Amino acid sequence: MKTKETSFIFHKEQVQKYIRILGDSNPIYESEESARKFGLQTIPIPPAMPMTVYQSFEIPWLMKPPVIHRKQQCINHQQMFINETYTGVISLTDVVVRKKYTFSKQTLLLYDTTGNLCFSGISHIVSGEIL
Amino acid sequence: MKELQFFITEQEVKRYAELSGDHNPIHLDENYAKKYGFSGKVVHGMLTTAKVWSVLSNGLLTSTNFPKEYELAFLSPVYVGELVTLHIEHETNGFKVEGMCEGKMVVKGYIMV
């Protein structure tokens, strides 16, 4: 099962809000100028932040509670930046029911506008029934 | 072997829920979390993951070191406000990470830089 392809842009304000939650003091997130001083084209997207785009997708399956995150793997294939458009899809695979629990894998793939894969986020979840 | 510590506050969990749209009550409602056998509100797995990277990056790396790949298994819940001690071992391509909380291993994985 898969979601529809969805596009989005990370904005500077979102990145800075995210970084403040983490208490991260890395200056590359402070401003475009600061990022450029470190040789970057602009403010990069923090490594785990792409996973926050789940909220942008209409997910055609429903996991009954409790929904528990068991394991997370992320691959940053290419550096991602603010103000660029990315397109992604989430797939649900490897669904196994054991007693009252359902084990599954959700994979988020994000591509840039030229179709290059930028990010893979593989989440292993245990939940109640999946509808 | 290096040791780094962090904890995640209730306010940080609320702000992360708002930013990520993940309002699973297991993270936000103590009674709900207890109904499912947890002893308190559980920190989002992705917030724990982000914090592990942030702590490691700020403590041991330069500003432009980014992870190529990382994997964390959430072995036990990380509860709001609990101190997590990361044991970090430098390996050829990155770091092996184990997070302990009150004597129990809560996260385990690797980060390739």
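Of the 131 residues of chain A, 53% count as buried, where buried means under 20% relative accessible area, exposed means over 50% and partly exposed lies in between, with a 1.4 Å probe and protein chains only. This is a predicted model, in which local features need pLDDT of at least 70 and side-chain atom pairs count only at pLDDT 80 or more, while totals for chains, interfaces and linings use all residues. Residues are numbered from 1 along each chain as its sequence is written, chains are lettered from A and ligands numbered from 1 in the order in which they are written, and side-chain values use heavy atoms, with hydrogens and water left out.

I will start with chain A by itself. The C-alpha trace of chain A spans about 55 × 35 × 20 Å along its principal axes. Its secondary structure comes to two helices and five strands, and along the sequence the pattern reads β-α-α-β-β-β-β. Helices here are DSSP runs of H or I with at least four residues, strands are runs of E with at least two, and both are numbered from the N terminus. On contacts, meaning heavy atoms within 4.5 Å: of those in chain A with a separation of 6 or more, 69% are between residues 24 or more positions apart.

Strand S2 of chain A will come up several times. Within its own chain, S2(A) is joined by eight bridges to strand S5, residues 117–127, and the two run antiparallel. Two strands are taken to pair if DSSP finds at least two bridges between them.

Now the interface as a whole. How many residues of chain A are in contact with chain B? There are 33, and they touch 33 residues of chain B. The size of an interface is often given as the accessible area lost when the parts come together. For chain A and chain B the buried area is about 3000 Å², with carbon and sulfur atoms giving 58%; that area is what the two parts lose on being put together, taken with a 1.4 Å probe and summed over both. A:Ile21, A:Leu22 and A:Pro47 supply 21% of the area that chain A buries against chain B, more than any other three residues.

The polar side of the interface comes next. Between the chains, 15 residue pairs are in polar contact, both residues at pLDDT 80 or more. A polar contact is a pair of N or O atoms within 3.5 Å; within protein, one must be able to donate a hydrogen and the other to accept it, and residues adjacent in sequence count only if both atoms are side-chain atoms. The elements giving two or more residues to this side of chain A are helix H1 (12–22) and strand S2 (68–76). S2(A) gives the largest share, nine residues. By type, the residues of chain A that touch chain B divide into 18 nonpolar, 10 polar and five charged. In that sorting, Ala, Val, Leu, Ile, Met, Phe, Trp, Tyr, Cys and Pro are nonpolar, Asp, Glu, Lys and Arg are charged, and the others, Gly among them, are polar.

The rule finds two salt bridges across the interface, a salt bridge being a side-chain nitrogen of Lys or Arg within 4 Å of a carboxyl oxygen of Asp or Glu. One of them joins the side chains of A:Lys17 and B:Glu18, at 3.3 Å from N to O.

B:Glu69 lies in strand S2 of chain B. Is B:Glu69 buried or exposed? B:Glu69 counts as buried because its relative accessible area is 18%. Its side chain makes a polar contact of 2.9 Å with the side chain of A:Gln73. Beyond four places in sequence, B:Glu69 is in contact with residues including A:Cys74, A:Ile75 and B:Tyr110.

Back in chain A, A:Gln16 is in helix H1 and is also buried, with a relative accessible area of 18%. The side chain of A:Gln16 reaches the backbone oxygen of A:Tyr29 at 3.1 Å.

Last, the backbone. A cis peptide bond joins A:Pro65 and A:Pro66, with omega about 0 degrees, and A:Pro66 is in the loop between helix H2 (32–37) and S2 of chain A. A:Asp94, in strand S3 (residues 85–98) of chain A, has a positive phi of about 55 degrees although it is not a glycine. A:Lys99 has a positive phi too, near 55 degrees. A:Lys99 lies in the loop between S3 and strand S4 (101–111) and counts as exposed, at 84% relative accessibility.
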